[in-house]
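Reader: I have a complex open on my screen and would like to go through it with you. Could we begin at the place where the two chains meet?

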Amino acid sequence: MASSGPTATPLLTEPQIEVIVQRYLREMARFEKTASAVADRLRRELRAEGHLRYMLSFRAKHPEDLRGKLRRKSNDRDVRYNFDALMEIGEVVTDLAGCRVVVYSVPDEERVTELVRRAFALPDRGDARPPPIRRPSGYQATHTLVLAPEAQDDTSIRGSICEVQVATVAAHLFNELEHDIAYKKLGHDATAPETRLLASVERACKLADHVVEQLLDERARGRARLVSLSDPAELRLALEQAVGHPLTGDFARLFKMLDTVVDPLTAAALEQLGKPNELLARGQAEATKLGLQADDVTAYVLGILPEYKAEFALIAAHWRGPKTALRRAIQSGVRRGAKIEQTTGSNDDDVDG
Amino acid sequence: MTLTVSNLVAALDGFPAYHAIDVFADDLAELRQPMSSSMRPLDAQGRGFLVTHQDRNFRLDIFPERGVARLSKYGHAAAVTGAVTGALAGGLVGAAVDAAKRQKGAGLLGGALLGLLVGATLGGAAGEARRVFALTYDPAAGQWRAYDGGLLRWMKDQLAVHAS
């Protein structure tokens with residue numbers, strides 16, 4: 001919103017800036033209360049989500065930071081920052097009350113922003129819910145302007161605006177450095193080596209964001225593999241994901257069989273029984289030797305049958321109803337295994353238990 | 001109707017891939033009667049006993065908090081301790097029997113006698129899924145059968161004692 005170059009006359013005089021800062025000082029408690037109320041509500045909402053990891057902080061803008069911001073905007077001749085408009089300072093400087101949520105990953109930044117925009121009433125203004133900020137300077141976060149939550153016993157903050165910033169922990173590191181070095185120009189203008197190093201930090205932070213996202217995806221997959229499969233549909237999905245294509249057969253029967261012999265029955269446990277693709281291939285080969293037409297479940301059972309002969313024989317022996325292909329396959333497989341053992345002289349257990 | 005150590009040994013013999021069988025303590029006849037001289041304490045706490053069945057040694061562990069008794073293959077030479085008193089051992093067994101009754105609730109199992117054969121972990125590392133075989137004993141047939149009834153998950157949770 002700057003209207004001319006840095007050499008133009010500042011929009012505000014120093015006495016005007018002083019008036020605005022003094023006026024803000026008198027109102028500062030209200031902005032502190034606004035930020036605190038938004039943080040309290042946000043903390044409850046984030047806890048209710050359960051799975052999100054975050055760091056939450058809040059503050060009212062320090063008067064000297066406001067003074068610095070007014071000077072910069074004035075020097076840039078940002079016309080929004082004219083003296084008359086600044087008499088309603090909260091309408092112009094929208095980060096006087098601020099909350100910051102720092103999260104692990106960019107997808108979490110999106111999730112938390114979505115939650116913020118769902119949980120709070122937003123002010124009726126065009127800049128309340130801007131898209132994620134990805135500035136050429138490297139600054140990266142998502143901002144939302146929210147209204148202070150309504151409280152029955154306290155109307156002093158009603159209508160007050162609070163800026164909620166959500167950023168990843170890596171972006172936060174860069175944002176802070178960039179804010180101090182390039183934006184605020186604390187101490188001195190950035191030297192060429194400082195600028196180069198700041199650019200390196202930016203690249204490292206972007207890489208960290210990328211790797212953290214991959215790591216969290218992998219953790220989520222790992223967690224899912226350790227959760228007990230609760231029904232035949234979940235077992236089917238786990239096996240289909242492992243082999244990469246749809247599978248056929250009686251998964252209700254397979255679920256009961258595996259649940260009887262594996263504790264706990266999880267996707268990770270299935271992998272430990274053997275690679276499903278290899279077990280299916282082994283089972284199909286065995287079915288061919290037995291002269292059986294095998295669907296995928298039957299082939300899978302035949303694939304693990306050498307390890308579970310005694311158990312599956314006992315399980316199938318007490319199945320009620322007609323003799324299914326799966327039952328025939330188990331009984332044929334067990335008989336064939338026993339014959340091989342007799343001819344090779346191996347001494348295995350009694351299949352009847 | 002109860003199980004006996006002989007029934008548990010039959011399950012271990014029938015399925016050599018497993019090293020132990022867990023049952024509810026109140027289902028085991030030997031724990032519901034005064035402690036017999038065939039059960040000799042293996043530790044000072046009165047939780048582990050040497051049980052000899054047909055000249056073979058087994059170890060019977062009591063888990064009083066869970067109401068579970070575990071019979072394991074026990075190849076070691078008997079290192080029996082005389083330190084534990086009959087009263088101490090009897091107290092723990094009684095606690096295990098009471099806990100088992102609480103775990104099962106009134107009529108939950110309808111008299112079913114359940115056993116969980118326990119084998120090695122599938123991946124060989126602690127904390128991983130392990131090989132088990134859920135069984136129910138059929139007193140009429142005098143045989144163990146596979147159990148895949150509606151209480152299978154509950155049974156695995158209750159009986160699976162993660163002890164070394």
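Predicted model: local features only at pLDDT ≥ 70, side-chain atom pairs only at ≥ 80, totals over all residues.

Reader: In what sense do β6(A) and β7 of chain B pair, and over how many bridges?

Author: The pairing is antiparallel, and β6(A) is joined to β7(B), residues 130-138, over two bridges.

Reader: How many residues of each chain are in contact with the other chain?

Author: There are 20 residues of chain A in contact with 20 residues of chain B. On the chain A side, at least two residues each come from α8 (251-261), β6 (262-263), α9 (267-273) and α11 (296-317).

Reader: And how do the residues on that side of chain A divide into nonpolar, polar and charged?

Author: Nine of the residues on the side of chain A that touches chain B are nonpolar, five are polar and six are charged.

Reader: What are the ipTM and pTM scores of the model?

Author: The ipTM is 0.88 and the pTM is 0.64.

Reader: What about chain B, where is confidence lowest and where is it highest?

Author: Chain B has an average pLDDT of 85, and 85% of its residues score at least 70. Confidence is lowest in helix α3(B), residues 86-104, with a mean of 79, and highest in strand β1(B), residues 20-24, at 96.

Reader: Let us stay with chain B. Which elements does it have, in order from the N terminus?

Author: Chain B contains four helices and eight strands. Starting at the N terminus, the order is α-β-α-β-β-β-β-α-β-β-β-α. Of its 164 residues, 40% are buried.

Reader: What joins β3 to β4 in chain B?

Author: β3(B), residues 48-53, and β4(B), residues 56-63, run antiparallel and are joined by six bridges. Within that pairing, G48(B) has D61(B) as its bridge partner in β4(B). The two strands form a hairpin with two residues between them, and Q54(B) takes a positive phi near 50° there.

Reader: Which hairpin does β4(B) form with β5(B), and how many residues lie between the strands?

Author: Four residues lie between β4(B) and β5(B), and G67(B) in the turn has a positive phi of about 75°. Six bridges join β4(B) to β5(B), residues 68-73, and these strands run antiparallel. I62(B) stands opposite A69(B) in β5(B).

Reader: Now to chain A. What is the order of the strands in its open sheet?

Author: Chain A has twelve helices and six strands. The open sheet has five strands in the order β1-β2-β5-β4-β3, and the pairing is mixed. β1(A) and β3(A), residues 133-134, stand at the edges; each has a single partner strand, so one side of each has no neighbour in the sheet.

Reader: How is β3(A) joined to β4(A)?

Author: β3(A) and β4(A) run antiparallel and are joined by two bridges. R134(A) stands opposite Q140(A) in β4(A).

Reader: Which strands does α5(A) lie across?

Author: α5(A) lies across β2, β4 and β5 of chain A, and runs at about 110° to β5(A). This helix, residues 169-183, has 15 residues and reaches 19 Å from its first C-alpha to its last, close to the 21 Å expected.

Reader: Which residues of α5(A) are buried, and what covers them?

Author: The buried residues are A170(A), A171(A), H172(A), F174(A), N175(A), E178(A) and I181(A). Their cover includes β2 (97-103), β4 (140-147), β5 (161-168) and α6 (192-226) of chain A.

Reader: Finally, what percentage of chain A is buried?

Author: Of the 353 residues in chain A, 34% are buried. Among contacts in chain A between residues at least 6 apart in sequence, 71% join residues at least 24 apart.

Note on methods: Residues numbered from 1 in each chain as written. Chains lettered and ligands numbered in written order. Buried ≥ 20, exposed ≤ 12 C-beta atoms within 10 Å, placed from the backbone. Contact = placed C-beta atoms within 7 Å. Nonpolar A, V, L, I, M, F, W, Y, C, P; charged D, E, K, R; others polar. Pairing = 2+ DSSP bridges. pLDDT = per-residue confidence, 0-100. Expected span 1.5 Å × (residues − 1). Axes fitted to C-alpha atoms, helices over the stretch in contact; angles between N-to-C directions.
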